[in-house]
Amino acid sequence: MSLKIKHIFLIFPIFLLLSFNTTAQVFDIIPLGCSGGINDDNLSAWLVKASGSNRYLCLDAGTLSHGIKLAANNGHLPEAIAADTVTPLVWMLRYGIGAYLISHAHFDHIAGLVTISPDDTPKSIYSSHSTATILTQHVFNNAVWANFTDQGQPPRIGRYQLKELTGDQFEPIEGTQYKVMYFPLSHANIRSSAFLIKYTDRYILYLGDTGADEVEKGQNLQNLWLKIAPLISNQQLEAIIIEASYPDPRPDALLFGHLTPSLLKKEIEKLRSAIGSNDAVQILSKVLFIITHVKPVGGNLNTEIIKKQLEEYDIRGFRFIMAEQGALYRNDYFKK
Ligand SMILES: [Zn+2]
Ligand SMILES: [Zn+2]
């Protein structure tokens, strides 16, 4: 073999390795609950972890125990299923979930955390200052529920350490290899949160309940889009989990701080503008959008209606799936 050919053989695997690293998906995403109400066995809660790690973050905690059982039955929590002395739920509480991140304190985002707290192991709860305050004043206050946190009304059990996110930087999430940056969202009369999760140089974005900027008369989503646009351009952002609670049409006065498909469309178009380049459509299409928090109205789950409306709007570069409880999603969803 000539020296030249030998070099090609040496260089080629290195090239493959480099190209694999820039495109490989890292995050596993499991909705433990993803409806926007009524069904108390399917309320907002998401597990995310880096592939190959067995440490999860739990983003919101509306439905925990039922969602974990469902995900385990679907074979998506292999370490928990493999444990032979404890149930998958107990394994997840003891070893799987490294921390909770709570977007806001509405009950459909914390009910599972409250009910599971007597059986939980010590963990940190990351949130904004306003969410932490609501949790200690109105939930873990020894009247509504025992104070399992380390702040607020004594006696404090201290099982949960409340960690407040300030929002201007990535902060390490204790007991895990992940970092988080918090962004404020406007959700009718309260402040909700988006969490940008970082692992090595890869990211996913989770948005708690949010209204559109034009309805909420603010700039929170626009600020978020400007911040994440460079990550999308660099193909480092794998997925965006975002709500579409009600189908169109719906009057602004009845949105209660939520999105419809038409409002989501406008926000995606703003995000695409924030990316800015000529190939923004193609770049945006590398991101997997997971649509969640569909609210049942009159007993009907509107998932199919919202899916159809989003398809009909044909938003350029926007590739989405409707979240299904207990499923496992990765960025390569559309490549399979
Ligand atoms: Zn809410
Ligand atoms: Zn909600």
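1. Let's start with Thr200. This residue counts as exposed because it has 12 C-beta neighbours inside 10 Å, and a residue with 12 or fewer is put in that class. Keep in mind as you look around that this is a predicted model.

2. Where does Thr200 sit in the chain? Look in the loop between β9 (190-199) and β10 (202-207). Its backbone is worth a glance too: phi of Thr200 is near 50°, which is a positive value in a residue other than glycine.

3. Now hop over to His293. Here phi is near 65°, again a positive value in a residue that isn't glycine. You'll find His293 in the loop between β12 (288-292) and α11 (303-313).

4. Is His293 buried or exposed? His293 has 28 other C-beta atoms within 10 Å, so it is buried; the cut-off for that label is 20 or more.

5. The bond from Pro154 to Pro155 is cis, and its omega is near -5°. Pro155 belongs to the loop that runs between α6 (129-139) and β6 (160-164).

6. Which peptide bond has omega near -10°? That's the one from Asp248 to Pro249, and it is cis. To spot Pro249 on screen, go to the loop between β11 (237-243) and α9 (261-275).

Definitions and conventions:
Residues are numbered from 1 along each chain as its sequence is written. Chains are lettered from A and ligands numbered from 1 in the order in which they are written. This is a predicted model: local features need pLDDT of at least 70, side-chain atom pairs count only at pLDDT 80 or more; totals for chains, interfaces and linings use all residues. Helices (H or I, at least four residues) and strands (E, at least two) are DSSP runs, numbered from the N terminus.
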